[in-house]
Number of protein chains: 2
Amino acid sequence: MFGVTILGNNSAIPAFDRHPTAQIVTINDQLILIDCGEGTQSQIQRFKIKRSKLNFILISHLHGDHYFGLVPLISSMGLLGREQDLHLFAPAPLQQIIELQLLAANTILPYTLHFHPLENEDVIFINHKLKISCFKTKHRIDCFGFKIEENKPPRKIDKDKVLQYEIPSSFYNNLKEGKNYINKKGDIIENDLLTVPNTANRSYAYCADTIYDEELIPKVNEVHLLYHETTYLKELETKAAERFHSTTIQAASIAKKANARQLIIGHFSSKYEMLDEFLEETKSVFEDAHLALEGITFRIMQ
Amino acid sequence: MFGVTILGNNSAIPAFDRHPTAQIVTINDQLILIDCGEGTQSQIQRFKIKRSKLNFILISHLHGDHYFGLVPLISSMGLLGREQDLHLFAPAPLQQIIELQLLAANTILPYTLHFHPLENEDVIFINHKLKISCFKTKHRIDCFGFKIEENKPPRKIDKDKVLQYEIPSSFYNNLKEGKNYINKKGDIIENDLLTVPNTANRSYAYCADTIYDEELIPKVNEVHLLYHETTYLKELETKAAERFHSTTIQAASIAKKANARQLIIGHFSSKYEMLDEFLEETKSVFEDAHLALEGITFRIMQ
């Protein structure tokens with residue numbers, strides 16, 4: 001399973017029972033929280049997200065609607081007795097903000113919170129299943145987007161064939177990487193006799209808050225699922241630019257030019273009660289677009 | 001109108017759709033927010049509290065469930081264009097916590113936020129209608145309770161009499177304080193010919209988070225309405241003491257010994273879904289007790 005669950009889709013001020021930005025990415029058995037607006041812990045309860053599987057939190061920038069729920073969440077995790085490590089990737093100034101609040105409450109978390117400051121566009125985590133990288137977006141303050149990708153090896157083992165050719169299991173990882181096997185007699189057994197191509201690595205890109213910025217296109221090129229903010233409808237393009245936000249048409253243009261497969265739009269301004277026009281306008285440029293409705297999970301398909 | 005509206009009644013972790021501590025005291029045309037747990041701005045919206053009349057915020061202590069909603073609230077007030085001053089009374093370390101977060105967001109509030117650090121038991125605000133004082137409670141960290149009282153003069157003008165005796169209106173304030181009037185001829189006109197006794201000053205005391213502490217009794221003596229926490233039912237008296245919290249019976253005992261007229265109980269532990277037993281146990285010691293249910297307003301009567 002690789003998917004994105006929306007916990008909050010509103011911009012700055014909560015309105016119409018919409019909540020500030022927060023999303024859960026599920027990848028295999030791992031949960032990753034992206035942004036954490038006020039009330040995220042309640043949304044996590046409401047949508048029955050398993051806190052015990054949440055080991056990564058990524059914070060895009062330090063406008064409150066993207067992180068005011070963080071200290072409440074990590075405090076509650078402590079009160080609930082969490083022991084496993086938690087990895088937090090966020091702009092550097094957040095570390096002091098957290099430490100001051102824990103100190104004021106005389107709180108010592110019962111688990112280790114690893115703070116990883118975001119600085120450059122880079123891979124921030126990688127293992128044999130998962131790769132997370134960050135990239136810069138253009139907003140009023142330092143702001144990062146995130147790309148989360150599967151990181152499977154290029155080949156999959158053919159179980160019958162490896163038994164037939166008596167390949168030791170210690171060599172399987174080499175096979176997955178495409179290497180040939182040389183047996184005791186010195187015979188070369190070609191990799192493609194023993195393996196089949198793996199499915200492509202699926203990917204999700206989260207563009208956080210951003211002005212319309214074509215420099216994003218290569219950063220999110222060919223992603224399976226793209227989240228791009230649409231704070232305003234197209235008629236407010238000037239206001240959007242002034243506030244370093246985007247419109248429907250702009251989000252759709254980025255998705256189209258980056259050749260994304262699917263688009264989620266969100267971060268709706270509190271001035272809009274109804275959201276239908278957001279979808280209509282976006283679809284006029286990029287057909288496979290969806291509203292980031294709270295509680296919905298978008299599964300990323302092959 | 002003098003009353004208390006409950007916005008949140010739960011302890012540390014939100015549960016059962018109950019929210020962390022926050023209350024609005026309405027006194028004449030003035031609103032005072034006491035404590036501000038996560039999500040308070042949404043509760044303010046939900047219960048249609050007029051933000052424009054909210055000029056005082058009192059924070060009892062720096063456990064997150066009593067203030068995590070504060071920076072979100074003051075930020076939103078800025079985004080909504082507030083211009084009038086706001087007075088915040090809170091433990092001193094909160095000032096740096098707020099400043100760091102505003103700085104990280106590059107936010108300059110469009111109104112003046114006056115930070116008044118709480119230090120000693122003292123009157124923290126007084127005018128001709130209203131008096132606010134703070135007192136210490138015993139909790140795991142520095143914690144303050146608050147007493148909010150009407151501050152009317154002891155006498156009221158008898159309009160017919162002041163006309164009959166031709167008292168200049170510039171002397172009315174002296175009359176309200178009980179002074180006699182001496183006219184041009186040198187005649188003394190006794191105050192009680194010109195005025196009648198005012199109604200008693202009503203009072204509300206909020207005991208924040210506290211262990212059972214008989215030192216509270218003189219501090220809240222004879223209040224019209226008393227709020228005392230009941231984190232636990234009576235069977236968990238030992239746990240309550242360990243955590244510097246109180247039980248139903250303990251809250252009721254304080255109310256009884258202080259001769260309070262009415263008692264509100266709240267700050268219920270997340271372990272309890274049903275609250276009936278809280279009320280039953282409390283009433284067994286102090287009859288005029290009420291659950292701090294969210295959305296309810298308790299009017300303080302003469």
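The following dialogue concerns the reading of a predicted model with chains A and B.

Trainee: Which residues touch the most other members of the largest nonpolar core?

Mentor: In soluble globular proteins, nonpolar side chains tend to be buried together. Here the largest nonpolar core holds 152 residues, and A:Leu226, A:Leu263, B:Leu226 and B:Leu263 touch the most other members.

Trainee: Which residues does B:Leu226 touch, leaving aside those up to four places away in sequence?

Mentor: With that exclusion, the partners of B:Leu226 are B:Ala205, B:Val220, B:Ala255, B:Ala258, B:Ala260 and B:Leu263.

Trainee: How many residues of strand β15 of chain B are buried?

Mentor: Strand β15 of chain B spans residues 225–229, and five of its five residues are buried. Both of its faces are covered: B:Leu225, B:Tyr227 and B:Glu229 lie on one side, while B:Leu226 and B:His228 lie on the other.

Trainee: Turning to chain A, how many residues of strand β4 are buried?

Mentor: Strand β4 of chain A covers residues 54–58, and four of its five residues are buried.

Trainee: What is found between β4(A) and strand β5 of chain A?

Mentor: β4(A) pairs in the parallel sense with strand β5 of chain A, residues 86–91, over three bridges, and A:Ile57 stands opposite A:Leu88. The chain passes from β4(A) to β5(A) through helix α2 of chain A, residues 70–79, in a right-handed β-α-β crossover.

Trainee: How many residues of chain A are in contact with chain B, and of what classes are they?

Mentor: 27 residues of chain A are in contact with 27 residues of chain B. On the side of chain A that touches chain B, α1, α2 and α3 (94–104) each supply at least two residues. By class, that side has 15 nonpolar, ten polar and two charged residues.

Trainee: Into which domains is chain A divided?

Mentor: Chain A is divided into domain 1, comprising 2–151 + 202–299, and domain 2, comprising 155–196. Taken over C-alpha atoms, the centres of these two domains of chain A are separated by 41 Å.

Trainee: Which residues other than glycine have a positive phi, and where do they lie?

Mentor: Most residues other than glycine have a negative phi. Two cases may be cited here. A:Asn28 has a positive phi of about 55 degrees and is found in the loop between β2 (22–27) and β3 of chain A. B:Phe244 has a positive phi of about 60 degrees and lies in the loop between α8 (237–242) and α9 (248–257) of chain B.

Trainee: Why does A:Asn28 count as exposed, and why does B:Phe244 count as partly exposed?

Mentor: A:Asn28 counts as exposed because it has 11 C-beta neighbours inside 10 Å, and the cut-off for exposed is 12 or fewer. B:Phe244 counts as partly exposed because it has 18 such neighbours inside 10 Å, whereas a buried residue needs 20 or more.

Technical notes: Residues numbered from 1 in each chain as written. Chains lettered and ligands numbered in written order. Predicted model: local features only at pLDDT ≥ 70, side-chain atom pairs only at ≥ 80, totals over all residues. Core = buried A, V, L, I, M, F, W, Y, C linked by C-beta atoms within 7 Å. Contact = placed C-beta atoms within 7 Å. Pairing = 2+ DSSP bridges. Right-handed = clockwise from strand over helix to strand, strands pointing away. Nonpolar A, V, L, I, M, F, W, Y, C, P; charged D, E, K, R; others polar. Domains from an automatic or database assignment.
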